[in-house]
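Dear colleague,

I am passing a structure on to you with this message, and below it you will find some notes on what turned up when I went through it. Please read them with the model open beside you.

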Amino acid sequence: MNIFKREMKANRKSLIIWSIGVIFMVASGMGKYSSLEGAGGQSMNALMADMPKSLQAIMGTGSLDLSTPIGYYGVLFLYLAVMAAIHAAMLGSNIISKEERDKTIEFLLVKPISRTRMMTSKLVAALVNIVIFNLVTFASSVGLVQKFADGEEVIGDISMLMGGMFILQLIFLVIGTAIAAFFKNAKKATSLATGILLFLFIISIAIDMNEKLDGLKYFTPFKYFDAKLMLKEGGFEPLYLGLSAIVFVGLTIVTYTFYRKRDMNI
Amino acid sequence: MNMFLHELKAYRKSTLIWTVSLVAMVVLFLSMFPSFSKDAEEFKTLLEGFPAELRKAIGLSVDSIATLLGFFSYSFLYLKLAGAIQAMNLGTSILSKESREKTADFLLTKPVTRTQIVTSKLMAALVSLIFTNLVFIAATFVMASLVAGDEFNKEALFLIALSLFMIQLMFLALGILVSVIFPRIKSVISVSLGTVFGFFMLGMISSTTDDKALRYLTPFNYFDSAHITENLSYENSFLLTVVLFIIAAILASYYFYTKKDVHSV
């Protein structure tokens, strides 16, 4: 419990900064919608629909209906998801590797708790952090999208998107912790985690731009919770949910087993 | 000279990794150009039927993006992002790592002035960036000539690719300034990622609002590829801002570092 409280306090400042960042992001994104709304939504849609897939990818729209607030929000969602993923990956790798980096691991490991318990407290603290981040995003999105929606029901769709984002956050959190537990050099763990994240993101853009790369979509979590797919189908694809669960459980096990045997570098 | 060589060696691996990833990104993006240009041609004929305001509302004219330069400018956005992270990381870490890794007192007790320390480290960072950019520009040209169906403006492509270097220099200077102002930086990557993404989002917003004053706030928008393609030159006022900013930041870094209170262990 002490470790949990300590971690919550240590991450409080960064969580506040990230929350302000995401609120700003939603606000500025939806601000753009209000300027777009004036430009004539309907003909815009007709145009978008005829656009080749690769061009749509560049615009970031895909088959989303840009004339409705929720469709427009779908475009924005990609960037929110990337932000959330970066937060989660950095949090995950940092929360483990910082003890070694700051030379506090000796102090922590001589305390009468097992490494497993220590890891659990840290993971729970990280989990609470990403839940708060998710809720902040959810609240600001609902507030701002509702403003443009003229009484349309948006909460359901946004909750679904946020559900997808939460799973994405979980995946990247354990990617971060697994790297920090597995990788020898604690100082490089965060860089490596964000590097992997950016690589996966670029892959997902490349898949959008070229149909030949479609087979790669199982390898990048950003494709698992695509706003286009979720809004069209009205739910998650079971296959992707299964894949996410496997990745999540697998990497959690990796985190625990490797951390328990880890040779600390002091 | 020893410090310079030591830093070069210390950053050799990371420079190589960054260079390879930038090249990989160029290759990935440009290899998609042939199929993309075919799609875009079809779309262009279709677009003629729509009113002009609408075409403006989508934010970029399909006309320009269907060309190799236009397509490269689009992918360049992500290359700039990656390049900026590299430079900011390098700038933030190169001075601050000494106190983080508790090697500051070893270094500062050597018979060299602090000014010399900053100079050698700065030179090493500069050489790393120059190396990255040389390889990057070479790779861009090789890829461009491979995928371009017909002739393209080589000078414009060179100027666009070179603007990566300017942006990197700005972020390098900014990173060094940040690292000497703040007493202790625990994690370089969170500082640099936060700053770069902050500027990147500012850039996104400023490019949709077309606000001239806002453009000065983010290095990402200093070098407008449409302007470069048209005039084969950078915009003077922005070029001047870059030079002034870099000089000011570097001078300030020297000033602060010579007075900095460096904690030993």
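Predicted model: local features only at pLDDT ≥ 70, side-chain atom pairs only at ≥ 80, totals over all residues.

Residues are numbered from 1 along each chain as its sequence is written, and chains are lettered from A and ligands numbered from 1 in the order in which they are written.

Helices here are DSSP runs of H or I with at least four residues, strands are runs of E with at least two, and both are numbered from the N terminus.

Two packed helices are described by the angle between their axes and the distance between the axes. The axes are lines fitted to C-alpha atoms, for helices over the stretch in contact, and the angles run from 0 to 180 degrees between N-to-C directions. Helix 8 (residues 155-182) and helix 12 (residues 238-260) of chain A pack at an angle of about 25 degrees, with their axes 8 Å apart. That makes helix 8 of chain A roughly parallel to helix 12 of chain A (angles under 35 degrees count as roughly parallel, over 145 as roughly antiparallel, 65 to 115 as roughly perpendicular and the rest as oblique). Among the residues that make the contact are Ile167(A), Leu170(A) and Ile171(A) of helix 8 of chain A and Ser244(A), Val247(A) and Phe248(A) of helix 12 of chain A, where contact requires that the C-beta atoms of two residues, placed from the backbone, lie within 7 Å.

Helix 12 of chain A also packs against helix 7 (residues 115-149) of chain A, at an angle of about 140 degrees and with the axes 9 Å apart. That makes helix 7 of chain A oblique to helix 12 of chain A, and the crossing of these two is right-handed. Here Arg115(A), Thr116(A) and Met119(A) in helix 7 of chain A meet Thr255(A), Tyr256(A), Tyr259(A) and Arg260(A) in helix 12 of chain A.

Among contacts between residues at least 6 apart in sequence, 77% join residues at least 24 apart in chain A, and the corresponding value in chain B is 81%.

At 1.5 Å a residue, its 20 residues (12-31) should span 28 Å, and the end C-alpha atoms of helix 2 of chain B are 28 Å apart, which agrees (the expected span is 1.5 Å times one less than the number of residues). The buried residues of helix 2 of chain B are Thr15(B), Trp18(B), Leu22(B), Met25(B), Val26(B), Phe29(B) and Leu30(B). Seen down the helix axis, these buried residues fall within an arc of 115 degrees, so they line one face of helix 2 of chain B (the arc is that of the directions from the helix axis to the C-beta atoms). The face turned away from that buried side carries the exposed residues Arg12(B) and Lys13(B).

The axes of helix 2 and helix 6 of chain B come within 10 Å and cross at roughly 170 degrees. That makes helix 2 of chain B roughly antiparallel to helix 6 of chain B. The residues in contact include Trp18(B) and Ser21(B) of helix 2 and Phe72(B) and Ser75(B) of helix 6 of chain B.

Phe76(B) also has its place in helix 6 (residues 68-100) of chain B, and Phe76(B) is buried, with 22 other C-beta atoms within 10 Å. Not counting residues up to four places away in sequence, Phe76(B) touches Ile160(B) and Ser225(B).

Finally, there are two backbone details. Most residues other than glycine have a negative phi. Lys103(A), however, has a positive phi of about 55 degrees although it is not a glycine; Lys103(A) is found in the loop between helix 5 (69-101) and helix 6 (105-109) of chain A and is exposed, with 11 other C-beta atoms within 10 Å. Leu232(B) likewise has a positive phi of about 55 degrees without being a glycine. Leu232(B) is found in the loop between helix 12 (225-231) and helix 13 (236-259) of chain B and, with 12 C-beta neighbours inside 10 Å, counts as exposed.

Definitions and conventions: Buried ≥ 20, exposed ≤ 12 C-beta atoms within 10 Å, placed from the backbone. Left-handed = near helix turned anticlockwise from the far one by under 90°.
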